[in-house]
Amino acid sequence: MKLYDGGRAPNPRRVRVFLAEKGLSLPLEPVDLGALAQKSEAFTAVNPLQRVPALVLDDGAVITESIAICRYFEALKPDPPLFGRGALETAIIEMWNRRLELHLLFPISHVFRNTHPAMARMEIPQVPAWAEANKPRIEEFLGIFDRELANRPFAAGDRYSVADITGMVAIDFMKPAKLTVPEACTSVRRWHAEMAARPSAGA
Ligand SMILES: N[C@@H](CCC(=O)N[C@@H](CS)C(=O)NCC(=O)O)C(=O)O
């Protein structure tokens with residue numbers, strides 16, 4: 001089994017942090033996104049969408065999509081449970097993970113991809129107006145998330161979960177996108193500092 005990885009890119013990082021929280025390690029195969037290695041013939045044969053991460057199993061089966069890969073390992077090694085246990089907790093974690101993807105990680109990624117000069121060869125065409133349109137959406141969501149975090153320690157409740165991984169990686173990705181968490185979002189800032197202090201955050 002090996003994991004095609006993308007260095008500092010946020011989605012492969014989500015999987016690495018997840019694996020670290022599970023206490024799992026596996027061989028990484030670096031894909032140099034800066035050199036457009038994801039567009040090579042060899043990698044396109046692995047993932048025709050030309051995106052990382054991608055997990056290749058020993059029998060040749062390929063799993064892409066960060067959360068699908070994480071779910072695979074959750075099923076193999078249920079402890080600690082990062083997608084929740086029981087109907088309600090699982091649904092709440094799913095809800096927050098989706099919210100953090102759709103309303104935070106993806107909009108931040110739109111800002112980065114549509115403004116950063118290095119992304120011009122990957123985001124074709126770059127649409128700076130789409131980056132601008134996403135900025136107030138990010139701020140609005142952070143305000144909502146901040147009010148939620150005022151009442152609980154983790155993104156989806158009392159327990160660390162995959163939603164914390166998505167949220168932490170998204171906030172860290174604000175830096176290269178030249179965005180900052182507003183000063184007023186004190187609960188988001190407190191929560192992020194705690195998540196970033198976990199040993200897994202360095203994975
Ligand atoms: N929905 C996918 C997104 C994968 C993705 O967009 N990966 C980025 C790196 S974070 C990538 O490979 N970008 C290469 C490109 O845009 O050419 C997932 O969750 O894994």
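Reader: What makes Trp130 and Arg137 lining residues of the second largest pocket?

Author: Lining residues need an atom within 4 Å of a pocket point. In this predicted model, Trp130 and Arg137 line the second largest pocket, along with Leu102, His103, Phe106, Pro107, His110, Asn134, Glu140, Phe141 and Ile144.

Reader: Which elements give two or more residues to that lining?

Author: They're α4 and α5 (128-149). The largest share, six residues, comes from α5.

Reader: How do you know how many residues of that lining are nonpolar, polar or charged?

Author: Sort them by residue type. For the second largest pocket that gives six nonpolar, three polar and two charged.

Reader: What volume does the second largest pocket have, and what about the largest pocket?

Author: About 170 Å³ for the second largest pocket, and about 1300 Å³ for the largest pocket.

Reader: Which residues lie nearest the centre of the largest pocket?

Author: Ala9, Pro10, Asn11, Pro12 and Leu33, out of 46 lining residues. The elements giving two or more residues there are α1 (10-22), α3 (66-76), α4 (87-115) and α6 (162-173). Of these, α4 brings the largest share, 10 residues.

Definitions and conventions: Residues numbered from 1 in each chain as written. Predicted model: local features only at pLDDT ≥ 70, side-chain atom pairs only at ≥ 80, totals over all residues. Heavy atoms only, no water. 1 Å grid on protein atoms, 1.4 Å probe; cavity = no way out; pocket = protein on both sides within 12 Å on 5 of 7 lines; lining within 4 Å. Points joined across faces, edges and corners; volume = space filled by probe spheres on them. Helix = DSSP H or I, 4+ residues; strand = E, 2+ residues; numbered from the N terminus. Nonpolar A, V, L, I, M, F, W, Y, C, P; charged D, E, K, R; others polar.
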